[in-house]
Amino acid sequence: MAGAAAGGATTIHDLPDAILSSILASVTDTRARNAAALVCRKWLVLERGTRTSLTLRGNVVHNNLYMIPTCFRAVTHLDLSLLSPWGHSLISPSSDPMLLAHLLRHAFPMVTSLTVYARTPATLQLLAPQWPNLTHIKLVKWHQRSPSALGSDFDPILRHCTSLTSVDLSNFYYWTEDLPPALQAHPATAAALTRLDLMTLSFAEGFKSHEILAITAACPNLQQLLIACTFDPRYIGFVGDEAIVAIASNCPGLTVLHLADTASLSNGRGDPEEEGFSSEDAGISTTALAGLFSGLPLLQELVLDVCKNVRDSGATLEMLNSRCPKLRVLKLGHFHGLCLAIGSQLDGVALCQGLESLSIKNSADLTDMGLIAIARGCSKLAKFEIHGCKKVTWKGIRTMACLRRPTLVEFKISCCKNLDAVSALRGLEPIRDRIQRLHIDCIWDRSEQFEDSEEAILAHSFDLNELEQPSISSQDDDRFWDHEASIKKKKRKYTTDLDASYEQSNGNGICSKTWERLRCLSLWIGVGELLPPLAKAGLDDCPCLEEIQIKVEGDCRERSKPSQPFGLSSLMRYPRLSKMKLDCGDTIGYALTAPSGQTDLSTWERFYLNGIKNLTLNELDYWPPQDKDVNHRSLSLPSAGLLAECVTLRKLFIHGTAHEHFMTFLLAIPNLRDVQLREDYYPAPENDMSTEMRIDSCSRFEDALNRRRILD
C-alpha cells in the first residue's frame with residue numbers, strides 16, 4: 001500500500017498475501033490456476049501452496065522418480081490411479097519401491113484422500129503406511145484378482161489407516177468374500193466407517209445376503225451404503241426380507257442407501273418391446289420394505305433397482321413421505337403399481353412431496369396419468385428419469401413438463417416404446433428453454449411423428465382444467481388449492497405458447513425454438529443408425545451446448561457395410577461444443593479376421609469417426625468397438641488417422657489398446673497435451689499382445705508428446 005500512498009496505481013499485487021491466497025484457493029479450473037502460477041514468482045508460490053487436489057499423470061515408476069513434483073505440499077486429495085502406463089503396478093523391478101513410497105510421502109505430506117490403481121496387494125502394503133491419517137481411499141483395478149489370501153487387498157488399509165471414514169470400491173475388482181473377514185479382523189476401523197461404496201461394476205452376482213449382514217454388523221455407523229447384490233430368488237444367498245430388515249436395524253443412521261442388482265449395472269439398453277415384468281418376482285415383501293423405511297428416518301437418497309418384480313408397491317411407497325421426511329432422491333427399478341392414479345386422488349410415489357430427483361425403471365403399469373399425478377405431487381422435482389415404461393407416451397411427458405416447468409432442469413428418457421426422439425422432444429417443448437441436461441434415444445423410424453397438420457399437434461394435448469380436484473388432508477388444503485389454481489393459469493399460458501411456437505415450426509410439426517440452457521446432451525443410438533436426423537427432430541438450435549455423450553450399441557456382425565458416414569459433421573451446428581464422449585464399447589463385431597462376406601471393426605470405426613475433423617473439440621473420450629470372443633478393444637488404423645485430423649484436441653483418452661505406430665499419428669495434433677490408453681473394462685488384458693503398446697512403447701510416445709512445443 002506504500003506505493004499507492006506515494007501516488008502509484010494500486011494493483012492486485014498490493015493485496016496482502018493472505019487475501020491473495022484466498023482468491024487463488026477459490027479458483028477451481030486447473031488451466032486457470034496454471035495460468036495464474038505463470039504471472040510471477042510470488043503467485044507461483046501462493047498457487048502451489050493453495051492447491052488441495054492433484055492427479056499425477058506422468059510415468060514416475062520406471063527410473064523417472066525425479067518427475068515427482070515437490071511443490072504441492074498442501075495437497076490433501078491425491079489421485080495416483082492414472083499414472084502411466086495405465087494399470088501397471090507401482091512396484092517395478094527397475095526401481096526401488098520403498099524409495100518411491102518415501103518420495104511420495106515427502107512430496108505430499110498432508111494427503112487425507114487417496115485414489116490408487118492397486119493391481120496387487122503389494123501396492124497397498126507399500127503406500128498405506130505412508131499416510132496413516134487417510135480418511136478416504138478409492139481403489140481401482142480392472143484386471144483380474146491376483147492369487148492371494150482372502151482380504152489381502154483390504155488388510156493394509158484397515159490396519160494402517162485407522163482414521164478411515166470412507167472406502168470406495170466401485171471400480172475395483174475383488175471377490176465378495178474378501179471384504180467381510182477383513183472388516184471383522186479390524187473392528188475399530190470398521191466401526192468408524194461412515195461411507196462404503198461397493199457398487200462394483202465388474203461383479204457377476206454381487207454380495208450375498210449373509211455377506212451384507214456381516215458388513216452392516218461390522219460397520220454400524222455407516223451413513224452411506226452403496227452395494228451391488230442379487231435379488232433373483234433362484235440364486236443361493238439372494239437378498240430378501242432378512243437382509244433388507246437387517247440393513248435398517250444394523251445401520252439406523254443411513255442417509256444414502258443404494259441396493260442394485262448386478263444385472264442393472266450393465267450398460268445394455270434393454271428391449272423396449274418387453275412388457276416390463278421380469279420372469280421372477282423378487283423375494284422382498286412390502287412388509288420388509290415398510291420396515292426398511294421405518295428404520296431409516298434420516299434417509300435422503302434411496303436406490304432400489306432390483307431387476308425382479310416388486311408388485312403392488314404403491315401403498316408401501318406412500319410411507320416414504322412420513323417415515324423418511326428428508327428423502328430427496330429416489331430411484332426404483334421393476335416396482336409395479338407405484339402410482340395408480342385412479343381418479344384425482346394422489347397415491348403411491350406421488351405423495352413423496354420432498355423429492356428433487358426421481359428415476360423410474362421398468363414399471364410395467366405406469367401410464368401418462370401416473371406421470372401427471374407424480375408431477376402434481378412432487379412439486380420440487382428437478383431431475384426425472386424414465387426407462388423402459390411401455391405405456392408412457394409423449395402426451396404424459398408434455399403434461400408433466402408443463403406442471404413442473406418451474407423446477408425441472410434435467411430429463412432422461414430411454415427404452416420407452418412410445419418415446420422415440422421426435423416424440424420425446426415434442427413432449428419436452430414446455431421446458432426447452434429451461435432444461436440443462438437431456439438424454440434421449442435416437443430412434444428415427446416412426447415417420448408418423450412428422451405429421452404436418454396443426455390438428456396432429458393440438459389433438460394430443462391434455463386439458464389440465466378437466467382434471468378433477470383431488471381429495472387431500474385438511475392440513476394441506478389451502479396450500480393445495482393455491483397450487484391447483486396456479487396450474488390452471490399455467491395451462492392456459494403453455495397452450496398459448498405452444499400454439500404460437502407451432503406457427504414458427506420448421507414445417508414438420510416440430511417447433512424450432514432454441515434450447516437456451518442445454519449444456520449436456522446424452523444420446524443412445526443403435527448400430528448403423530445415422531446422426532443427422534437429430535436436428536430435424538427438434539435439436540437444431542442449442543447455443544450453449546458444451547458436452548455431448550453418444551453411446552452406440554448393437555451387433556454389426558450381420559450388417560452390411562455402411563454406405564454413408566455416421567454424421568459427426570452434423571454437430572457443427574453447436575458452436576460451443578468442446579467435449580465429447582463417443583462410446584462404441586457395446587458395438588460388437590469382428591476385430592481380427594472377419595469371415596468371408598463380413599465387415600471387420602475397422603470399417604465401422606471409420607463409419608463413426610468420419611467427420612470428426614470438422615468439430616472444434618477440446619476433449620474426447622473414445623471407446624473403440626469390441627470383439628467379445630477374444631476380449632479385444634483396439635484402435636484401428638483408420639480411426640487413428642481420423643482422430644489425428646481433429647486438430648483442436650487437447651485431451652484424448654482411448655478406452656482400449658493401440659499399436660505404437662498408430663499412436664504416432666496423434667502427434668500431428670498441434671495442441672494435444674494429454675493422451676492415455678485406459679483398459680478400464682473387465683477383464684482388462686493381463687498381458688499386452690506383442691503388437692500392442694507395451695511399457696516402453698508408452699514411454700516413447702509420451703516422451704515424443706512432451707518434447708513438442710505447445711504455444712499456449
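**Strands and a helix**

Modeller: Strand 9 pairs with strand 10 (residues 329-335) in the parallel sense, over six bridges. Please keep in mind that this is a predicted model.

Colleague: Which residue of strand 10 is the bridge partner of Asp305?

Modeller: The partner of Asp305 in strand 10 is Gly333.

Colleague: And how many bridges join strand 8 to strand 9?

Modeller: Strand 8 (residues 256-261) is joined to strand 9 by five bridges, and these two strands run parallel. Val256 stands opposite Glu301 of strand 9.

Colleague: Why is strand 9 described as largely enclosed?

Modeller: Strand 9 covers residues 301-310, and nine of its ten residues are buried, so the rest of the structure largely encloses it.

Colleague: Now the helix. How many residues does helix 24 have?

Modeller: Helix 24 has 13 residues, 695-707. From first C-alpha to last it reaches 18 Å, close to the 18 Å expected at 1.5 Å a residue.

Colleague: Which of its residues are buried?

Modeller: In helix 24, the buried residues are Ser697, Cys698, Phe701, Glu702, Ala704 and Leu705. Viewed down the helix axis, they fall within an arc of 160 degrees, so they line one face.

Colleague: What covers the buried residues of helix 24?

Modeller: The cover includes helix 23 (660-663) and strand 22 (674-677).

Colleague: Which residues are exposed on the other side of helix 24?

Modeller: Asp696, Asn706 and Arg707 are exposed there.

Definitions and conventions:
Residues are numbered from 1 along each chain as its sequence is written. This is a predicted model: local features need pLDDT of at least 70, side-chain atom pairs count only at pLDDT 80 or more; totals for chains, interfaces and linings use all residues. Side-chain values use heavy atoms; hydrogens and water are left out. Helices (H or I, at least four residues) and strands (E, at least two) are DSSP runs, numbered from the N terminus. The expected span of a helix is 1.5 Å times one less than its number of residues. Buried means under 20% relative accessible area, exposed over 50%, partly exposed in between (1.4 Å probe, protein chains only). The arc is that of the directions from the helix axis to the C-beta atoms. Contact means heavy atoms within 4.5 Å. Two strands pair if DSSP finds at least two bridges between them.
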